[in-house]
Amino acid sequence: MAAGEFSRLLVSHWRDLHEKLRSQDEEIILNGRSLSVASVVACARYGQDVGISEEMSETIRRHTETKYGALVEGESMSGSFRPLSYDSAAPIRVSAIETVQRDMIRDSHYAILSGETEIDISNATRAFSSAIPLFDPVENTTMPESWVRAQMLIRANSLAYPSVGVRPVLLDKLTQLLNMDVVPRVPLRGSISGVGDMGQQSYVASVLAGKPSVQAWIGDRIQGGRRLVPADEALTYAEIEPIEVRAKEGMALLVGTSTSAGVSALAVHEAICLAATVQVLTAMAAEALCAADMCFHPLLSELRPHQGQSECATNLRSFVEGSKLIVWDSAKDEFMARSDRYPVRASPQWIGPCLEDLQLAHSQILIEINSATDTPLIDQSGKMIHGANFMAKSVTSAMEKIRQGCQSLGQIMFAQCSEIIDPTTSKGLAPFLVVDEPSESGLFKGTDTMAASLQSELGFLANAVGSNAQFADTGFQAINSLALISARYTLTSLDILAQLAASHLVALCQALDLRALHMQFLYALAPKFKLLTRRCLSECTEPTTPSSDGPGAGIAYELWLILAERINTTTHLDSRSRFSLALDYLQTIFLRYLPANSRSLEAVQQWNADCVLEACATHAAVRTRYLANPDATPILGKASKRCYNFVRRQLEVPFVGNDYFRNAERDDGTRLGSRVKYKTMGSMTTAVYDSFRNGGFYAVVVDCFEDV
């Protein structure tokens with residue numbers, strides 16, 4: 001099977017990231033045109049060093065000096081250069097230009113940054129000074145460091161154009177901050193992304209200038225020694241000389257889309273990985289629900305050739321290959337006999353459009369992070385071109401698609417999880433995926449509730465952000481993109497989607513173990529049931545020793561098929577009631593094969609009682625044995641096997657029943673031989689969620705796609 005566009009994007013992106021992380025000593029070289037999303041992730045989240053192309057640095061130097069080198073203090077530039085809404089018809093002298101731009105940087109420090117400041121207002125609010133904060137004051141008002149690192153990287157790359165008109169030293173200083181891990185403290189809110197994200201970018205500019213009025217993070221990240229210090233102290237710590245802006249460098253540092261583009265690039269990475277994860281989890285859900293293979297039949301996509309639908313169906317067919325739970329050759333069944341419910345049956349048609357949107361979003365962000373986005377830009381003749389490349393509508397467009405995709409991908413996982421947990425739709429799984437008696441446990445009841453909560457929040461966050469733009473700057477920014485706000489909420493949506501996927505994955509592994517346990521139970525019970533049945537037949541007809549191939553073998557086999565089906569539809573009952581009900585139903589059918597006399601009735605009644613006892617004993621024995629050493633891999637498809645092994649073996653998330661948690665909640669870690677690693681269902685889900693956040697599980701997912 002050939003890989004589709006999304007699969008190629010995922011695998012190439014992941015290989016690019018993996019290669020960069022493997023060769024940490026090599027710098028990401030910026031030239032304005034070849035920065036990848038993987039490079040942004042490597043620098044922003046894993047601390048990869050950055051450098052500027054020597055050829056590009058020399059080209060920038062020559063072009064900038066051609067424009068500004070002849071100008072000296074007191075000489076005039078064209079009056080057409082008016083920074084943003086600082087409107088003036090009079091010519092602006094060189095010194096005035098630089099002063100105005102430095103003032104613009106200072107004037108853009110308008111956002112709220114609470115906590116870790118030198119401001120003390122306790123005397124003014126003495127009665128309330130001891131109040132416990134509603135939120136962490138720093139985290140609630142400050143961008144995460146990874147976001148700021150992405151912003152600085154893209155700012156340096158967007159300035160690596162001769163047409164921007166900055167000195168190479170400015171790019172060098174930005175890369176020095178990144179390589180020394182000096183990260184400016186940047187406000188989380190306050191941008192409308194009209195002329196870019198001036199407020200956020202102004203704090204980076206002031207750290208470059210070493211102004212003590214702003215702060216930066218410094219210190220050893222591994223040893224937990226990160227701390228906030230004034231910018232001048234941060235530069236001294238990193239042995240970086242402060243810089244003063246000249247010519248149009250203030251504008252170049254302030255104006256542009258690097259902040260929203262940086263956050264968006266991180267969001268694109270998460271979205272690619274989660275969209276791939278949802279496809280793998282859908283394959284696992286198809287197995288857990290014993291779906292028919294026709295759901296992913298190639299003919300469906302041939303007759304409705306949407307690229308995303310076709311690719312998703314191809315992926316799912318590959319993922320379930322080798323599964324003993326999928327109903328293969330289901331098209332041979334009678335009409336409508338294998339019509340699965342929508343969460344699996346319609347998965348290619350549902351997920352496919354999300355993949356197409358994500359590919360377009362990736363393309364938009366890739367262009368954005370490799371573009372010059374400030375103003376004015378300078379052509380080869382030295383003329384300043386006042387345009388609006390700072391308008392980040394393309395970023396907003398990409399983020400809105402991803403955020404709406406999060407809602408759709410979350411919806412299908414929520415629907416799949418609900419069907420697996422509900423015995424009326426799960427095709428034989430116990431209610432709430434309990435391994436104990438249903439009347440004594442509601443194991444995944446909380447998971448069902450949490451999934452509903454997370455999906456509800458995704459639905460709210462799917463609303464468009466860009467349509468809420470307001471006039472600003474006395475109407476000068478009459479249209480604005482709200483790109484940074486949209487990117488922030490997109491990352492929030494992706495985080496919620498990851499939590500939902502983690503919950504779903506834990507439930508899927510439990511469901512697959514229940515399938516494996518049930519198959520082992522049926523395998524163990526079948527010969528015992530058939531023996532009891534043949535013995536009963538022999539007692540009612542000819543008193544001979546029953547054999548496996550005697551006249552009663554066919555009847556025993558037919559009755560066994562009926563019993564297995566009845567058992568599969570009564571998982572909502574406790575074991576004894578479940579088996580009694582199934583055998584009561586079977587007793588009426590059995591009597592049809594026997595002489596109509598009292599002897600037959602007595603024999604069948606005894607057969608019923610013996611079968612119930614045997615079924616209960618066998619089920620208890622198989623359950624105890626399986627709980628001691630669960631392994632569903634022999635019945636799973638390729639992708640499910642990988643994911644199941646990761647959760648069960650690497651993360652050591654167990655197949656659980658009530659006994660596990662009864663022991664876990666009292667385990668203080670001091671008992672010898674204790675096997676209790678997780679104390680709650682939530683801690684298990686958290687371990688899976690953390691493997692999403694650090695990329696461990698995504699590596700398993702990519703392996704599944706490389707097999708397609």
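Helices here are DSSP runs of H or I with at least four residues, numbered from the N terminus. By that rule, glycine 352 is found in helix α15, residues 347-368. The model is a predicted one.

**Glycine 352**
- Glycine 352 has a relative accessible area of 0% and is therefore buried.
- Beyond its neighbours within four places in sequence, glycine 352 is in contact with Gly308, Gln309 and Ser347.
- Glutamate 311 is 41 residues from glycine 352 in sequence, yet their C-alpha atoms are 7.3 Å apart in space.

**The sheet**
- Three strands form an open sheet in the order β3-β4-β5, with antiparallel pairing.
- β3 (183-184) and β5 (227-230) are the edge strands, each pairing on one side only.
- Two bridges join β3 to β4 (residues 215-218) in the antiparallel sense, and proline 184 stands opposite alanine 216 in β4.

**The largest cavity**
- There are four cavities of 30 Å³ or more, and the largest holds about 240 Å³ of space.
- Its lining has 20 residues, with Ala430, Val434, Leu514, Arg578 and His619 nearest the centre of the cavity.
- α18 gives the largest share of this lining, four residues.
- The lining of the largest cavity has eight nonpolar, six polar and six charged residues.

**The second largest cavity**
- The second largest cavity contains about 100 Å³ of space.
- It is lined by 13 residues, and Ala271, Leu358, Ile402, Gly405 and Leu409 are the closest to its centre.
- α16 (393-421) is among the elements that supply at least two lining residues, and α16 gives the most, with five.
- This lining divides into 10 nonpolar, one polar and two charged residues.

Notes
Residues are numbered from 1 along each chain as its sequence is written. This is a predicted model: local features need pLDDT of at least 70, side-chain atom pairs count only at pLDDT 80 or more; totals for chains, interfaces and linings use all residues. Side-chain values use heavy atoms; hydrogens and water are left out. Two strands pair if DSSP finds at least two bridges between them. Buried means under 20% relative accessible area, exposed over 50%, partly exposed in between (1.4 Å probe, protein chains only). Contact means heavy atoms within 4.5 Å. On a 1 Å grid over the protein atoms alone, a cavity is a set of points where a 1.4 Å probe fits but cannot get out, and a pocket is an open set with protein on both sides within 12 Å along at least five of seven lines; lining residues have an atom within 4 Å of a point. Grid points are joined across faces, edges and corners, and a volume is the space filled by probe spheres set on the points. Ala, Val, Leu, Ile, Met, Phe, Trp, Tyr, Cys and Pro count as nonpolar, Asp, Glu, Lys and Arg as charged, and the others, Gly among them, as polar.
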